[in-house]
Amino acid sequence: MKTKKIGIMTTGGDCSGLNTVIQRAMDGCALRKWNLIGILDGTDGLYSSPAKTIELNYKDFQFANSHLAGSILSNGHSCATNFESSAKVGKLSVFNNRLKKSLHDLDLDALILVGGNGSLSLAHTYREIYSGLSLVCIPKTIDMDIPKTEKTIGFDTAVQQLVSYCDQLLLTARSHHRWFIVQTMGRDCGQLALHAGVAIASDAILIPEIKFNVDNLVKHIKASKRDYGIMLVSEGITIRGHSGKPADMISRKLTAANIPNRTAFPEHIQRAGDTVASDRILAAGFVDCALSAIENNETFVMTSLENGEYKTVALDEFFASGKFQKDPNIPGAITSNAYVEPDNILLKIATDMGIYIGETKK
Ligand code: F6P
């Protein structure tokens, strides 16, 4: 059998678990005697001429470091030429053609694209870039907003990061008899706040998917048996008539109701942290699934975990299963998103724990 040449790249925002994916891919390719090359800086590296690549070898990439956050391949400069910046100057087709040419010049049999819902939606929309090779995507994001998979690389570690952060805050909250309003990431999806909130038994969890009432939140906090605690507020929530950071808006409301409080913003720490075991297992499962898909000549698929089973799902199916949103930066492009659905079991569990999660019906 001919030796295959596989490329791997990490795109979009980073998260913990990317290096584990790369390391598992190195092992899996070595076992199959396939060559694996890393594409640096995501699509930025493909846009460069020649494409920026590295040989992934055991000398340079220490196995002992594969649990560290970030990506040894990097995800790209925020000011680089990319889909968004090219679309802005009307040169999207030039950009797409450059990516296509680079992939052709690299003579890859397959590309493993480790990306979020933005990258996957773009791959689905501009599929001609990847014609002539087998495209297998691995879903990663701390937002967990990718349709057709129950888990994404980096999510569990991000939840753990928030849990550790809040555990520390709670100690100082107790010393000063006050409440902390912690603003989580997640864009317009509440999964991260919901999971972390249930894990730490926070007093309230406000997420974009569920309407909330500030007066009821205040009543809930005042009825608490404690005079300190944590509230988690997802960055995507809005309050009519208010602008600015959601945690600051809630803080002002609580201050007006004489509830002593402080805000806290863990920000990109949520994308850091040593990769937790469940993310490492997920990385192993997704890579195993991706390499099998390449062996079976599958293309335009993403790896998925559903009901405990690792499998591939067509990008068409991923795309069609989500809720559509216009990409604000690329005219005509659409992103497919997943959200916290009303039947999410954690909503019931949170309510049963006495957590205020908004105005849901029991
Ligand atoms: O999509 C991942 C994410 O971390 C979001 O949760 C957050 O809103 C955003 O990326 C932050 O992006 P940036 O790295 O550009 O600040």
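Modeller: Two strands count as paired if DSSP finds at least two bridges between them. The model discussed here is predicted.

Biologist: In β4, which residue is the bridge partner of isoleucine 8?

Modeller: Strand β1 covers residues 5-10 and pairs with β4 in the parallel sense, over 5 bridges. Strands of a sheet pair through backbone hydrogen bonds, either parallel or antiparallel. Within β4, the residue bridged to isoleucine 8 is isoleucine 112.

Biologist: Which strands stand at the edges of the open sheet, each with a single partner strand?

Modeller: The open sheet has 7 strands, in the order β3-β2-β1-β4-β5-β10-β11, and its pairing is mixed. A strand with a single partner has one side left without a neighbour in the sheet, and this applies to β3 (53-55) and β11 (309-314). From one strand to the next, the twist averages 30 degrees. The edge strands are therefore β3 and β11.

Biologist: Is helix α5 largely enclosed or largely open, and how many of its 9 residues are buried?

Modeller: A residue is buried when its relative accessible area is under 20%. In α5, Asn117, Ser119, Leu120, Ser121, Leu122, Ala123 and His124 are buried. Helix α5 (residues 117-125) is therefore largely enclosed by the rest of the structure, the buried count being 7 of the 9 residues.

Biologist: At about what angle to β4 does α5 run?

Modeller: The buried residues of α5 pack against several elements, among them β4 (110-115), β5 (134-139) and β10 (301-306). The helix α5 lies across these strands, β4, β5 and β10, and its angle to β4 is about 140 degrees.

Biologist: What is the relative accessible area of serine 234?

Modeller: Serine 234 lies in strand β8, which covers residues 229-234. Leaving out residues up to four places away in sequence, serine 234 touches Thr184, Met185, Arg187, Cys189, Gly190, Ala193, Leu206, Ile207, Pro208 and Pro246. Serine 234 is buried, because its relative accessible area is 0%.

Definitions and conventions. Residues numbered from 1 in each chain as written. Predicted model: local features only at pLDDT ≥ 70, side-chain atom pairs only at ≥ 80, totals over all residues. Heavy atoms only, no water. Helix = DSSP H or I, 4+ residues; strand = E, 2+ residues; numbered from the N terminus. Buried < 20%, exposed > 50% of the residue type's maximum accessible area, 1.4 Å probe, protein only. Contact = heavy atoms within 4.5 Å. Axes fitted to C-alpha atoms, helices over the stretch in contact; angles between N-to-C directions.
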